[in-house]
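Please look over the sequence and the structure shown here before reading on.

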Amino acid sequence: HEIEQEQELDVLVVGAGFSGVYQLDKLRKAGFSAKVFEAGKNFGGTWYWNCYPGARVDSDFSIYQFSSEELWKDWNWTERFPGREELVKYFDYVDKKLDLRRDISFDTRVTAADFDTTTDRWVVSTQNGRTIRPRFLVLCTGFASKPLFPDYKSLDSFQGIMHHTAQWPQEGVDLAGKRVGVIGTGASGVQVIQETGPVAAHLTVFQRTPNLALPMFQHKLNVATQTKMKATIYPYLLRRREQTFAGFHFDVIHKSLFDISPEERYISFDDLWTKGGFHYWLGAYEDTFRDERANNEVYAFWRAKVLERVRDAEMQRKLAPEVPPHPFGVKRPCLEQQYYEVYNQPNVTLVDLQENPIVEITPKGVKTQDGVEHELDALVLATGFDAVTGSIAQIDIKGTDGSLMREKWGKGLSTYLGLTCAGYPNMFFPYGPHGPTAFCNGPTCIELQGDWIINCITHMRAQGKTRIEPTQEAEDEWTARVNEIYSTHLWSRAKSWYIGANVPGKRVQTLNFTGGIPLYTRLCRESAENGYKGFMISGKA
Ligand code: NA7
């Protein structure tokens, strides 16, 4: 590979979603030379790739955006929970406003990165044959950029239309009037199902675990309301992201569910429920996540609400079983609109894969253990991602001793501050492993972590240093802390992407810092304020 001219490039950012865009803008404003390599053909990251029918954000518009006034003052959203197309438009607006494109190479997938100890620079290569040598490497690859395909027998033999939700054709696919199958009922599956059910000739849903979905309570927004919000509470709402457990504008309730009477509990649950969105999850009593008794009450209320909307007893049993499939909220619920009503339609079949597993995919459709061949025109694979670590581990990243990142993490995930790794100097990964990635939304995480990264690189420049990496000891301590916090809650009780349990063969462990945003940011800040405690900093003349 011919090495590019930008020998003196300060920072290479990988990915042009929320994280990459934030990094590029702030790095340039801080006087660094920075470039972005992005695999997609446009901005958006997750919002570029996930263009399946019904894709929509699950966080309120007011906090799911960049916090700088420069950007929000002239931008207005049309819905409380914006759809994917609106987010694509938002990225286009941000691009124009910040003049980003000149430093971004699209269609450029980073495949490998080697740290060169003689120059303290990364040697980064791409699929289309480029090589570049930045001082710092910031992996803004998101938590969901490596799709997970089910390993069903003869998957490729299917003759109809078949796409993973995260690799949906950009030009779209018309599912109206077709016999559609959807495998998976995570956030992506639920969105496809509620969008497709009303228009498909027939919809067959293959469900392994019911989603404990919450009502979104979507509504339209007008400009006047937003103008008023901007003049009053916008800055406050955005600031709240740093102060609440999950980085939302509302916090968990810092008391036990059992501190209040059953009647008060009912009123409180109902209040959280009607607020919509994640209030019923991340705005609930904090012992929901720790105490099974509290969790059972949360589940029971949820179940009663769902049963009211589903008519058929068999459907009710599959969608909202009496015994919870796992404690409520220890696997990410999703936000739905009309999801449960879809199961009242005569053209919808729900196959419970626990009772009746898929045995193979055939040229005509999906064959289940009961011998039925579900004939389909289109099969949607809404089977999720090798999440959090997969985005980074799929790149051949070699550290100072030549070992690959995925091999190191294969033996057990370890990081320092959920941002860096021993043996991999000058490399940062916002919104990634051991960060508060699990429930925190993208913009919150990447601004908090992104500022830390930029301050760190700025500190290096001020000190005239060229290499920073955590000590093994600091990494071990951080990893032990992350694991300890995790073990005090009920997270391990659901086989979710939070803990790698959704990927066959992947080591099950927490992939996230679950101690909440305020604690997380305090620990990161303390390291920085103490001269980057836990790091080794050195310099080459
Ligand atoms: P998720 O949440 O990981 O959901 C994937 C779904 O696919 C889930 O229902 C899985 O069942 C199901 N799945 C995965 N593999 C299989 C196989 N082999 N057979 C049947 N079903 C399978 O991914 P999403 O894309 O929906 O959402 C990811 C995140 O993006 C989401 O949390 C939001 O933050 C946005 P399981 O539950 O594991 O039994």
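The model is predicted, and its chain contains 17 helices and 21 strands. The radius of gyration of the chain is 23 Å, close to the 24 Å that the globule rule gives for 541 residues, so the chain is as compact as a globular protein of that length. Along its principal axes, the C-alpha trace spans about 75 × 55 × 50 Å. Buried residues account for 48% of the 541 residues, and among contacts between residues at least 6 apart in sequence, 73% join residues at least 24 apart.

Helix H15 (residues 442-463) packs with helix H17 (residues 517-529) at an angle of about 5°, their axes lying 11 Å apart. An angle under 35 degrees counts as roughly parallel, and H15 and H17 are therefore roughly parallel to each other. On the H15 side, Leu-448, Trp-452, Asn-455 and Cys-456 take part, and they meet Thr-521, Cys-524 and Ala-528 of H17.

Around the ligand there are 20 residues, of which Pro-150, Gly-184, Gly-186, Arg-208 and Gly-384 come nearest. Helix H5 (residues 187-196) gives the most to this shell, with 3 residues.

The table sets out the residue classes in the two places described.

Technical notes: Residues are numbered from 1 along each chain as its sequence is written. This is a predicted model: local features need pLDDT of at least 70, side-chain atom pairs count only at pLDDT 80 or more; totals for chains, interfaces and linings use all residues. A residue is near a molecule or strand if its C-beta atom, placed from the backbone, lies within 6 Å of it. Helices (H or I, at least four residues) and strands (E, at least two) are DSSP runs, numbered from the N terminus. Axes are lines fitted to C-alpha atoms, for helices over the stretch in contact, and angles run from 0 to 180 degrees between N-to-C directions. Angles under 35 degrees count as roughly parallel, over 145 as roughly antiparallel, 65 to 115 as roughly perpendicular and the rest as oblique. Two residues are in contact if their C-beta atoms, placed from the backbone, lie within 7 Å. The radius of gyration is taken over C-alpha atoms; the globule rule is 2.2 Å times the number of residues to the power 0.38. A residue is buried if 20 or more other C-beta atoms lie within 10 Å of its own, exposed if 12 or fewer, and partly exposed in between; C-beta atoms are placed from the backbone.
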